[in-house]
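Please look over the sequence and the model below before reading on. The points after them can be checked one at a time.

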Amino acid sequence: VTDTSAPKWVQDKSKNTTVSYTDIRDDRIMWFFDHRRNQEYRFFVKINAVTKGEYEFPGTILEAMYDNNYRAYRKGSKVTVK
């Protein structure tokens, strides 16, 4: 896909998550934000593919900083760059 526009849910600024700090590394992105019960959180990362092939897109992990009772995990998936 060569479309460079963001999805509609990203363009709707009223639903974006307010982040206190973002830590971008070579192999991960960490967002730090205040958790509110029953609130939806949305994050968007735009990735530029440079090499064709099949890759493993890593899973997503969410953890509370000081409370191990709050954790979530979403399984990764395969991605094909054409």
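This is a predicted model: local features need pLDDT of at least 70, side-chain atom pairs count only at pLDDT 80 or more; totals for chains, interfaces and linings use all residues.

1. Residues are numbered from 1 along each chain as its sequence is written, and side-chain values use heavy atoms, with hydrogens and water left out.

2. Start with the second largest pocket, which has a volume of about 200 Å³. A pocket here is an open set of points on a 1 Å grid over the protein atoms alone, where a 1.4 Å probe fits, with protein on both sides within 12 Å along at least five of seven lines. Its volume is the space filled by probe spheres set on the points, which are joined across faces, edges and corners.

3. The second largest pocket has a lining of 13 residues, where a lining residue has an atom within 4 Å of a point. V19, W31, R42, F43 and F44 lie nearest the centre of this pocket. At least two lining residues come from each of α1 (8-11), β1 (21-24) and β2 (29-32). Helices (H or I, at least four residues) and strands (E, at least two) are DSSP runs, numbered from the N terminus.

4. By type, the lining of the second largest pocket has nine nonpolar residues, three polar and one charged. Nonpolar covers Ala, Val, Leu, Ile, Met, Phe, Trp, Tyr, Cys and Pro; charged covers Asp, Glu, Lys and Arg; the others, Gly among them, are polar.

5. Which residues form a nonpolar patch on the surface? They are I24, I29, V45, I47, Y55, F57 and V79, with about 610 Å² of accessible area together. A patch takes residues with over 30% relative accessible area and no salt bridge, and nonpolar side chains (Val, Leu, Ile, Met, Phe, Trp, Tyr) are joined within 5 Å. Accessible areas come from the Shrake-Rupley method with a 1.4 Å probe, and for residues only the protein chains shown count as cover.

6. V79 belongs to β6 (residues 77-81) and is partly exposed, at 31% relative accessible area. Y55 sits in β3 and is also partly exposed, at 38%. The terms are set by relative accessible area: buried is under 20%, exposed is over 50%, and partly exposed is in between (1.4 Å probe, protein chains only).

7. There are four salt bridges in the count, a salt bridge being a side-chain nitrogen of Lys or Arg within 4 Å of a carboxyl oxygen of Asp or Glu. Side chains of opposite charge can pair when their charged atoms come close. One of the bridges joins R25 to D23, at 2.9 Å from N to O. R25 is partly exposed at 47%, whereas D23 is buried at 12%.

8. Another bridge links R42 and E40, whose closest N and O atoms are 2.5 Å apart. E40 is exposed, at 51%. E63 and R71 also form a salt bridge, at 3.1 Å from N to O. E63 is exposed at 51%, and R71 is exposed at 56%.

9. N38 deserves a check of its backbone. Its phi is near 55°, a positive value in a residue other than glycine. Most residues other than glycine have a negative phi. N38 lies in the loop between β2 and β3 (53-57) and is exposed, at 84%.

10. Some C-alpha distances can be set beside separations along the chain. S5, in the segment before α1, is 36 residues from Y41 in sequence and 21 Å from Y41 in space. Y55 and R28 are 27 residues apart along the chain, with 15 Å between their C-alpha atoms. R74, in strand β5 (residues 71-74), is 27 residues from I47, and their C-alpha atoms are separated by 19 Å. S5 is partly exposed at 46%, while R74 is exposed at 64%.

How values were computed: Patches are made of residues with over 30% relative accessible area and no salt bridge: like charges are joined within 9 Å, nonpolar side chains (Val, Leu, Ile, Met, Phe, Trp, Tyr) within 5 Å.
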